[in-house]
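Subject: Structure handover

Hi,

Please load it first, then read the notes below.

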Amino acid sequence: MIKKFIEEVILQTGQVHQVQDYSTAGEILAQIAADHQLKSMVASTDEVIRPLKIMEWANKKGIEVKTADNFKDRASFKDYAFGQADAGITGVNYGISESGTLCLVHDINQPRLASIAPLFHIAILTADRLVPEYEQAVENIYTGSSTPPSQVSFITGPSMTGDIKAQSFKGMHGPKHLIIILIE
Amino acid sequence: MEINTHRFTETAKKELKNEYSRVFLDIFRQHFPVLRKKAMASFPNPDKALEKSAAIRADVVARLPELLNQFEKNAIRNGAKVFRAKDAKAANEFIVNLAKQRGVTYVTKGKSMVTEEIGLNQALEENGIKAFESDLGEFITQLLDRPPFHIVGPAMNIPVEEISDIFQKKAGMKDPTLDPVELGQAARVYLRNKFHHVEMGITGVNMAVAETGTIINVENEGNIRMSKSSPKTQVSVMTLEKVVENMADALHLVRVLCRSCTGQKLSAYVSMDSGPKKENEIDGPEELFIVIVDNGRWNFYDDSQSREALKCIRCGTCLNICPVYTKVGGYPYGWAYSGPMGQVLTPLLLGLDRTKDLYHACTQCGACSEVCPGGIDHPKMLHEFRIRQTRIRPRISFKKNDIIDFFEFALWEKMVVHPSLWKLGVTMSRSATRQKNAVRMLKKTNGPVKNWTQSRTMPQIARKTFHERWNELRDKK
């Protein structure tokens with residue numbers, strides 16, 4: 001399943017870094033930031049990303065990281081997500097191997113713009129969250145809860161288009177680069 | 001949008017001479033079926049997958065009123081506000097009023113065929129609200145003020161030179177470029193500012209799930225996710241047939257849609273909304289309006305043949321393989337919908353009288369119905385429209401064409417059903433059809449049947465017909 005997931009992600013020009021634990025994930029993240037000169041990031045605060053202790057990490061590496069609770073309102077959050085953040089970094093609720101898809105459940109800890117507004121989307125995924133097909137993810141999310149999440153996104157590769165002469169390229173409105181750190 | 005369905009022949013003739021479109025369509029026609037077939041092959045059994053999607057759509061159409069009510073109830077329970085619009089006017093008024101009440105000066109839009117159908121952009125602009133199409137293809141056609149060339153790739157036929165010009169004139173692009181990637185980048189920069197400050201986003205809907213009250217959007221660019229994340233108000237417009245019973249059905253249709261539409265396993269983004277954002281979320285809409293547009297669909301719902309048209313999921317595959325569409329392109333169809341799916345839907349929405357060319361521009365080859373994920377039999381429907389149109393024509397009419405038709409067909413009918421008249425006709429025309437230059441002469445004829453003779457080769461009548469030979473053989477015995 002892991003192999004299939006990675007193959008599918010790569011087909012969509014996504015990158016996958018496989019690591020053993022969160023501390024290595026932090027090192028890889030620092031490497032990615034250095035390679036692409038990512039100086040400011042907007043991060044989610046969901047349970048997958050939490051063990052990364054991203055604020056401590058940011059202080060150590062000298063990178064600016066902001067989360068939704070750093071902003072007083074929607075407007076200032078939007079200013080940062082659209083205007084300043086070089087990258088968005090989020091946890092992933094489910095990885096779906098059928099098409100190399102990331103499933104994000106949006107709520108207070110998973111703001112929507114973090115994974116769509118910046119040019120880079122860095123996603124943290126733990127291997128126990130991999131499922132073979134969409135159905136498993138959707139069932140877990142929608143059954144048994146009386147109030148479904150306001151939004152669920154499936155993300156498969158970076159933003160793309162083929163609207164001019166049917167020539168396809170990445171990074172139309174959303175991220176041009178999708179980088180996944182897979183913690184086993 | 002302007003309706004030009006009555007100008008099919010005229011526009012088609014013009015488009016056949018458009019060399020740029022021709023080259024593009026030729027490549028596209030060869031390339032697309034391969035892409036689609038490859039994508040469909042990733043199903044364990046592609047035929048079964050199509051059968052399943054057709055079964056899902058048939059069930060939806062059969063139970064449409066019930067499923068729609070269930071969807072509405074659950075969407076409201078999720079906190080969405082649902083408005084049922086009887087026609088284009090009601091839908092546009094509702095959205096325009098909403099925009100005025102919220103004090104917005106502009107909206108960003110995700111690609112949505114129904115908003116083309118109801119002419120929403122025009123209604124907004126007439127009320128001083130700017131509408132920015134944000135799908136790259138729609139953005140280009142909007143700047144150029146062109147109708148969509150294809151329901152999936154509305155601007156695929158536009159030369160890069162033209163895009164470069166219009167981007168410099170209207171989208172703030174500084175330097176000319178013929179590189180599609182740089183052109184895309186210019187559109188990104190221009191629209192990003194709009195997404196950043198937008199207060200109202202308008203999108204279409206690919207599927208509406210009855211069981212959970214969820215709306216689903218399928219896209220590649222991220223413009224729809226932007227339009228649903230950034231603004232305080234979200235308006236999602238759907239036609240009533242977009243509903244499906246449950247998530248499992250929706251997921252199967254999404255799989256088939258993406259493979260049929262663009263040859264992808266899954267589009268880059270599939271986003272599913274159940275109501276507006278929760279109170280503690282920092283982005284996402286504070287209010288979500290779902291506008292369900294009828295615009296004439298309930299009128300033909302009771303007719304079991306016509307309602308088949310509602311099974312369409314707008315994947316665009318029928319356009320890509322149609323021998324007529326792949327020659328003339330999307331403009332001749334004269335409205336929001338083109339190709340076979342447009343030929344079956346448009347006459348039902350606009351009436352058989354002003355869409356005559358649409359249901360005649362079909363060779364009945366059946367390529368479309370073979371690949372249709374909705375299980376629509378387009379040729380059968382178009383044939384049915386032709387029959388109906390003949391029936392509604394008055395028996396006695398003094399219009400010039402009707403008089404000519406009457407004489408031609410009345411005479412023809414008499415001749416073919418009377419053996420003696422038929423034999424006489426054969427004997428009289430035999431030598432004429434065997435002349436060396438008969439074909440050329442016939443093509444030049446300017447008679448009342450010239451539309452017919454100009455595009456067909458007259459077969460030669462045999463020196464001896466079967467009947468004549470049969471009689472000879474019998475006499476010999």
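Two strands pair if DSSP finds at least two bridges between them. Strands here are DSSP runs (E, at least two residues), as are helices (H or I, at least four), numbered from the N terminus. With that in hand, V152(A) stands opposite M272(B) in β9(B). Five bridges join β9(A) to β9(B), residues 269-273, and these two strands run antiparallel.

Some ground rules. This is a predicted model, where local features need pLDDT of at least 70, side-chain atom pairs count only at pLDDT 80 or more, and totals for chains, interfaces and linings use all residues. Residues are numbered from 1 along each chain as its sequence is written, with chains lettered from A and ligands numbered from 1 in the order in which they are written.

Confidence: the predictor gives the complex an ipTM of 0.97 and a pTM of 0.91. Chain B has a mean pLDDT (the predictor's confidence in each residue, from 0 to 100) of 92, and 96% of its residues reach 70 or more.

The interface: 43 residues come from chain A and 50 residues from chain B. Contact means C-beta atoms, placed from the backbone, within 7 Å. On the chain A side, β9(A) gives the most, with five residues. That side divides into 22 nonpolar, 14 polar and seven charged residues. Here Ala, Val, Leu, Ile, Met, Phe, Trp, Tyr, Cys and Pro count as nonpolar, Asp, Glu, Lys and Arg as charged, and the others, Gly among them, as polar.

The sheet in chain B: six strands form an open sheet in the order β1-β10-β7-β4-β2-β3, with parallel pairing. β1 (81-85) and β3 (130-133) of chain B stand at the edges, each with a single partner strand, so one side of each has no neighbour in the sheet. Inside this sheet, β2 (residues 106-109) and β4 (residues 200-203) of chain B pair over two bridges in the parallel sense. T108(B) has G201(B) in β4(B) as its bridge partner.

A helix pair in chain B: α3 (residues 46-62) and α12 (residues 247-262) pack at about 130°, with axes 10 Å apart. Axes are lines fitted to C-alpha atoms, for helices over the stretch in contact, and angles run from 0 to 180 degrees between N-to-C directions. α3(B) and α12(B) are therefore oblique to each other (under 35 degrees is roughly parallel, over 145 roughly antiparallel, 65 to 115 roughly perpendicular, the rest oblique). A49(B), L50(B), K52(B), S53(B) and I56(B) in α3(B) meet D249(B), H252(B), L253(B) and V256(B) in α12(B).

Best wishes

Conventions. Contact = placed C-beta atoms within 7 Å.
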